[in-house]
Amino acid sequence: MAGRGRGRGSHRGLSFDPGALGFGRGEGLPPPTLQPPPIYPPLEFKPVPLQEGEEANYLLALKQEFRGSMRESPYFIKPQSTKKDIERYSDKYQLNGQNKGQGLGWTPNWNTFPKELRIREKKPKRLKLSVKPSLAGTKLKAKGQKGDTKEAENKLKRILQAEEEGDEDDDEDEEEKKKKEAEGEEEEEEEFYDDEDIEEGTDYALSYFDNGEDYLDADDDALEDGPVY
Amino acid sequence: MAQTQVRLGGLLLQHQYGEIVENVGTFLAAKGSFPLKDIADGTKLGMNEVKKALCVLIQHNMMDFERNRRGLLEYTIHINKVLHITRYPRYIYCAKTLYGDVGEFLVEELLSHGQMMMSQVCRRVSERITQALEEGQSVDEFQVRKTFVDLVKTHFLQRVAAPPSDSGDKTDAETELQVKEKEMFLIPPAMDVDYSKVNPSVSSSGKRKREDGEEGDKVAKRPRSTSPLSDEKNEDAPDKGVYWHVNFTRFHQFFRDQAVLSAVNSKMDRYACEIVRTMLRISEKTTVPLAPTTQPMSSHEIFQNLPSELDLSRSTLGEYLTLLAEDKTEIVNKAGESGGGMYILNMQKALQTLCKASIESVVQERFGSKCSRIFRLLLMKRHLEQKQVEDMAMIPAKEAKELLYKLFSENFVTMQEIPKTPDHAPSRTFYLFGINIHQVSRMLLDRCYKAMGNLISRREHENTENRRLLEKSQRVDAIAASLQSSGADTTQMSEVEEMITPPERQQLNKLKHDINKLEQSELQLDETIFLLESYLPGSEAMVMY
């Protein structure tokens, strides 16, 4: 009780007893710090200047060139571009987004590389299937109205299945993937690792649909297409 | 030290191969070896991206894989190989000094692609040189091939491990990848420069490493004009399956020899340097590459192999050898009297001397010359008490005490307590100060890695801060270049120039200057790192790959 009163009474002072640590009266403890310590310790001796000379310059030029060329090489993996906020209809008809990030860009020596590192390129199968229904639909319409809804359902199922198969690649287990890869390799070996394939399924010219994003990038001086209504 | 290495490795990977590779690399370096699925889970990246990153790392010889007990493939990254990226310019420059421009381009191509077939490399390099030269001149691919063969003969390039050829066609890469010793530097006969050796007809079956001569004929008849670049499919390449990469160990050995030679040169004179160079050349044939000491060689042998322009007589040679052998640095040791005196080169000692010299200069630049004096005193006398240090260093006692304790607090100097009485009373104990070169080297190496990481981060920071300005200047340059090529007049050019205002131009110049300085510091720091790494055992700078 008495001790507590004493403890409460003294405002000054520290939470511990300096006398117990071996300091005498009044001395010992450093003054209280009022600001955070400096970021860098003070530099007493300035560093010696760098090496000069032709060799050093040449090495420097080599280094920068090398770094620059590595950025452009296919080994530099750029992270995939961020997804657009809304899925747009034009995405189906735009070529640049789809096949870009898929393949490796260079062919490794598969003899010495593990087979599980092969990447299956996703072909946009949806386009192919989307053609068939339109033809089937017209045929049926000519005949009669009955089979229409059923056909539509089947079409939908087929499309969904194809999409699922395409998406499953990413989430499968290793073993299943290996099997599929083995199959996939046998079927589509030539087409797969060739980036130049253009989808030939649609009747429309694939550059037809203009997203409109290029509008603002054009020069102020030249609006080549004339006024847009 | 591993932590600083991982950080530095991460930064290097990021600048060289992108962020995805950096994520995968730092994950594996920090956490160990993992199979594919765990990597994808741990880094939270997509499966495809992880695969791509792993492919890049394997291609550039930084990663290994092997089957673990559960049958999955585990991937391991070698962080010390990642750290070699800092030294790439030095390798390229070294190839240039030894083999000229052709050698430089060959090594550069191989470094940027990791592994490649000989035919591909040679073709690419000859295209590049033809482009660089003026119209009308072209370089013979034969010349390029010859330089390649030279590089292989001196072991600067070596073959990549491949699955053994006798296990049939269906080998996985996961079965053992091995390179037989004698095959390591063997050029496939089809690519041999001496065309008379090429066998035109027989195609042997199934063998992969030794390439069959079926395409040999085509090699001789292939037209000199550059083939279109779409011909990268390599189906008709005569040496299919034989890949080459740079042999870093050999380059390191070369650098080490260079360092020792320049040390001898500066300590004595160039005659001594030539003598040591001759000894190194002789020992190349007799000694295992990275042995700590060479085999003994007699002075007669040295005399025979000296370059003739030196014009040294036997007696002068004998004097130089005695001088070298008695020198404090113990680079050359006398091993016996037979054959006019047997001498060995002690590379380990040489490296130690170089290390000591580096550390001394570090102490001098950091703490001042008085500290350096104390440091050298301790190096010489091994163990000294505090009082003895004060007396011997010829520095006022109070100052000497302060400097000694400063060195001690920075861990350059160690202290050993030797009690006189069983109760370890401070007044009755000897406190001996000494220097442990090993420990100090490790500490400095760690600091060097950290410094290198800091330099790269700072450069990155400068780039991001001034990104807007840099992009603007790039665009202006592009516009100026296109205007110039389409033949604009001076008013338009000056307009374009004015798009960058003077203060911006000043800022840009300062930025370029700063970045150049930072990069140059990196290059210079790398030299110290190399020295420390090659001295320390177990730091894998000198391990045979």
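L407(B) has 0% relative accessibility, so it counts as buried. This residue belongs to a predicted model. Its place is in helix α17 of chain B, which covers residues 397-409.

**Around L407(B)**

What does L407(B) touch, once its neighbours within four places in sequence are left aside? The contacts are V363(B), F367(B), C371(B), I374(B), F412(B) and V413(B). L407(B) and F375(B) are 32 residues apart in sequence. Their C-alpha atoms are 8.4 Å apart.

**The two chains**

Chain B holds 545 residues, and 49% of them are buried. Its elements are 21 helices and 12 strands. Chain A has 229 residues, of which 21% count as buried. It has 5 helices and 0 strands. Read from the N terminus, its elements run α-α-α-α-α.

Surface comes next. Chain B exposes about 27400 Å², and carbon and sulfur atoms supply 50% of that area. For chain A the accessible surface is about 19200 Å², with 52% belonging to carbon and sulfur atoms.

Contacts can also be sorted by distance along the sequence. Take the contacts in chain B with a separation of 6 or more: residues 24 or more positions apart account for 64% of them. The corresponding share in chain A is 57%.

**Where chain A meets chain B**

How many residues does each chain bring to the contact? Chain A brings 48 residues and chain B brings 63 residues. The area buried between them is about 5100 Å². Carbon and sulfur atoms give 59% of this buried area. In chain A, the residues that lose the most area to chain B are F66(A), Y75(A) and I77(A). Together they make up 14% of what that side buries.

Polar links cross the boundary too. Between chain A and chain B there are 7 residue pairs in polar contact, counting pairs with both residues at pLDDT 80 or more. Two elements of chain A give two or more residues to the side that touches chain B: α2 (54-72) and α5 (174-192). The largest share, 13 residues, comes from α2(A). What kinds of residue make up this side of chain A? It divides into 22 nonpolar, 10 polar and 16 charged residues.

**Salt bridges**

The whole structure has 24 salt bridges over all chains. Between chain A and chain B the count is 3. The table lists some of the salt bridges in the model.

| Pair | Closest N to O distance |
|---|---|
| R67(A) and E519(B) | 3.0 Å |
| K63(A) and E519(B) | 3.4 Å |
| R459(B) and E522(B) | 3.0 Å |

Start with K63(A) and E519(B), which form a salt bridge. This pair crosses between chains. K63(A) sits in helix α2 of chain A, and E519(B) sits in helix α21 of chain B, residues 502-535.

Next come R459(B) and E522(B), which form a salt bridge within chain B. R459(B) lies in helix α18 (residues 437-465) and E522(B) in helix α21, so the pair ties together parts that are 63 residues apart in sequence. Both R459(B) and E522(B) are buried. Which residues do salt bridges with shared partners join into one network? The members are K63(A), R67(A), R459(B), E519(B) and E522(B).

E360(B) has 22% relative accessibility, so it counts as partly exposed. R376(B) is at 41%, so it also counts as partly exposed.

Technical notes:
Residues numbered from 1 in each chain as written. Chains lettered and ligands numbered in written order. Predicted model: local features only at pLDDT ≥ 70, side-chain atom pairs only at ≥ 80, totals over all residues. Heavy atoms only, no water. Helix = DSSP H or I, 4+ residues; strand = E, 2+ residues; numbered from the N terminus. Buried < 20%, exposed > 50% of the residue type's maximum accessible area, 1.4 Å probe, protein only. Contact = heavy atoms within 4.5 Å. Areas by Shrake-Rupley, 256 points an atom, 1.4 Å probe, with all protein chains shown as cover. Buried area = accessible area lost by both parts, 1.4 Å probe. Salt bridge = Lys/Arg side-chain N within 4 Å of Asp/Glu carboxyl O. Polar contact = N/O pair within 3.5 Å; in protein donor to acceptor, adjacent residues only side chain to side chain. Nonpolar A, V, L, I, M, F, W, Y, C, P; charged D, E, K, R; others polar.
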